[in-house]
Amino acid sequence: MMWLLDIFTWVFVVYNLAINVGYLALNLMAIVSLVYKNQENLLNKLPQSYSEFEYPISILVPAFNEEATIVASIKSMLQLEYSNYEIVVINDGSKDNTLAQLQSAFGLVRTNQSKPDLLATQTVRGLYRSQHYPNLFVIDKMNGGKADSLNAGINFSHHPLFCAVDADSILERTGLQRLVKPFMRNPDMVVTGGTIRVANGCNVSQGNLTHIGLPTNFLALLQVVEYLRAFLFGRLGWSRLNAILIVSGAFGLFKRDKIIEVGGYKTKTIGEDMELIVRLHRVLRAKGEPCPVEFVADSVCWTEVPEDIKTLRNQRVRWQRGLCESLQANKGLLFAPTGGAAGWIAFPFMLIFEAIGPLLEVVGYISMLVAVVMDYISWPSFWIIFASTVSIGALLSTMALALEEFSFHTYPKLSHLLVLWLVGIVDSFGYRQINTYWRVMGLYKWATQKEAQWGNMTRKASWATKT
């Protein structure tokens with residue numbers, strides 16, 4: 001028994017050391033990336049006259065029961081600073097008034113435009129075009145899920161690039177202009193992804209973000225810091241290596257023909273956004289084709305996050321299961337000869353620390369507690385290990401906030417930064433542990449092939465001013 005505890009204890013200690021070293025390395029790469037980005041931004045202050053050379057873009061907006069936010073979101077997209085784009089809303093068999101809200105706000109009329117069905121989807125019941133905005137279209141279809149809706153949007157879209165955006169999201173007016181820059185710089189670019197920020201606590205009027213604030217709900221506040229860490233050093237660090245394995249489904253820009261080439265979005269997975277990116281790396285690299293995927297930190301999308309435990313739990317269980325499904329479906333990328341940093345660094349990291357890691361962490365905590373009770377290790381030793389874990393977590397949060405403040409200064413008040421810094425420390429006492437438990441639940445559901453369910457996201461839409 002003692003030798004088993006010894007193994008578990010050492011595995012836990014080594015795991016914590018390795019994952020924190022990995023996160024710190026990503027953080028350092030993120031700092032380097034932001035230094036280069038800030039130098040590049042100095043050029044943006046010069047007069048710009050290249051709008052006529054921007055790629056035309058189709059913005060695809062899957063919507064299922066989004067009556068609370070859909071009009072505000074579409075209004076924000078209609079005000080983007082971009083020369084040539086269309087908006088394609090896909091009403092995925094909504095049971096509420098999503099379609100009626102769109103018809104009322106934008107004057108939809110039925111159209112007979114047809115496009116070839118390059119990707120299989122559920123039945124399309126009707127196509128609509130706005131009388132007020134000629135670049136706004138609506139597809140009304142039978143329910144098939146988000147991936148199926150995006151495939152329908154790809155079928156209908158007219159432009160070489162498409163941007164996948166959630167229906168509860170608000171894009172900053174320059175967001176699309178910034179997100180497309182890597183495509184203009186590199187003709188081989190396949191995907192770019194932007195930063196996702198928390199809209200709870202903000203105000204939006206007529207599609208414009210009029211006030212940036214912090215949520216009053218504590219769960220949402222915890223997620224503000226969590227999102228800063230995930231995007232500002234997680235994806236920014238991986239982007240430096242061209243090893244990004246996930247672009248948020250809420251805001252990503254894709255080369256349409258490459259997505260069709262690999263078969264579009266998979267409808268049988270619950271994590272369609274990550275699965276697509278991992279599959280792109282696997283398939284394109286195996287063909288000897290380049291697969292650059294870039295994170296654009298200053299291209300921002302604001303979205304509503306869960307404010308209740310049940311919705312948050314379902315989301316995190318779903319994310320973990322989606323991660324495991326994505327890695328399993330594309331295991332051929334792991335250590336593939338043509339896999340590059342995506343197959344040799346990012347994939348093993350995701351497998352060990354993100355997929356299996358939560359289980360190792362839970363087993364490690366239990367082993368440590370048993371070892372203390374059995375006097376195998378002392379309480380001071382246990383608290384030293386726990387304190388080191390908490391301290392590194394707080395350091396990572398502090399570094400993410402520092403990156404945010406020095407590079408973007410999104411939150412205008414010093415009090416905002418102080419609150420977020422305190423939350424970044426507090427989240428290691430309970431929030432991280434319960435998140436780990438939820439991720440173990442997701443791992444279990446994947447391993448036992450329990451039926452996947454999306455669950456309902458309760459939209460409060462407190463940020464959307466009704467004007």
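Leaving aside its neighbours within four places in sequence, which residues is Asn91 in contact with? They are Ala63, Thr98, Leu99, Ile139, Asp140 and Lys141, where contact means heavy atoms within 4.5 Å. This is a predicted model, in which local features need pLDDT of at least 70 and side-chain atom pairs count only at pLDDT 80 or more, while totals for chains, interfaces and linings use all residues. Residues are numbered from 1 along each chain as its sequence is written, and side-chain values use heavy atoms, with hydrogens and water left out.

**Asn91 and its setting**

- Asn91 has its place in strand 2, residues 85–92; strands (E, at least two residues) and helices (H or I, at least four) are DSSP runs, numbered from the N terminus.
- With a relative accessible area of 2%, Asn91 is buried, a word that here means under 20%, whereas exposed means over 50% and partly exposed lies in between (1.4 Å probe, protein chains only).

**Nonpolar cores**

- In soluble globular proteins, nonpolar side chains tend to be buried together.
- The largest nonpolar core has 123 residues, and those with the most contacts inside it are Ile57, Ile59, Ile74, Ile87, Val89 and Leu280; such a core is a set of buried Ala, Val, Leu, Ile, Met, Phe, Trp, Tyr and Cys residues joined through side-chain atoms within 4.5 Å.
- Helix 7 (residues 218–240) gives the largest share of this core, 13 residues.
- Apart from this core lies another one, of nine residues, among them Tyr365, Ala371, Val372 and Val390.
- Leu280, leaving aside its neighbours within four places in sequence, is in contact with residues including Val190, Val191, Ile259 and Cys291.

**A nonpolar surface patch**

- Leu4, Ile7, Phe8 and Val11 make a nonpolar surface patch of about 290 Å²; for such a patch, residues need over 30% relative accessible area and no salt bridge, and their nonpolar side chains (Val, Leu, Ile, Met, Phe, Trp, Tyr) are joined within 5 Å.
- A salt bridge is a side-chain nitrogen of Lys or Arg within 4 Å of a carboxyl oxygen of Asp or Glu.
- Phe8 lies in helix 1, residues 2–43, and is partly exposed, with a relative accessible area of 33%.

**Positive phi values**

- Most residues other than glycine have a negative phi.
- Asn242, although not a glycine, has a positive phi of about 50°, and is found in the loop between helix 7 and strand 11 (251–255).
- His409 has a positive phi near 50°, and its place is in the loop between helix 13 (379–407) and helix 14 (414–426).

Key: Patches are made of residues with over 30% relative accessible area and no salt bridge: like charges are joined within 9 Å, nonpolar side chains (Val, Leu, Ile, Met, Phe, Trp, Tyr) within 5 Å. Accessible areas come from the Shrake-Rupley method with a 1.4 Å probe; for residues, only the protein chains shown count as cover.
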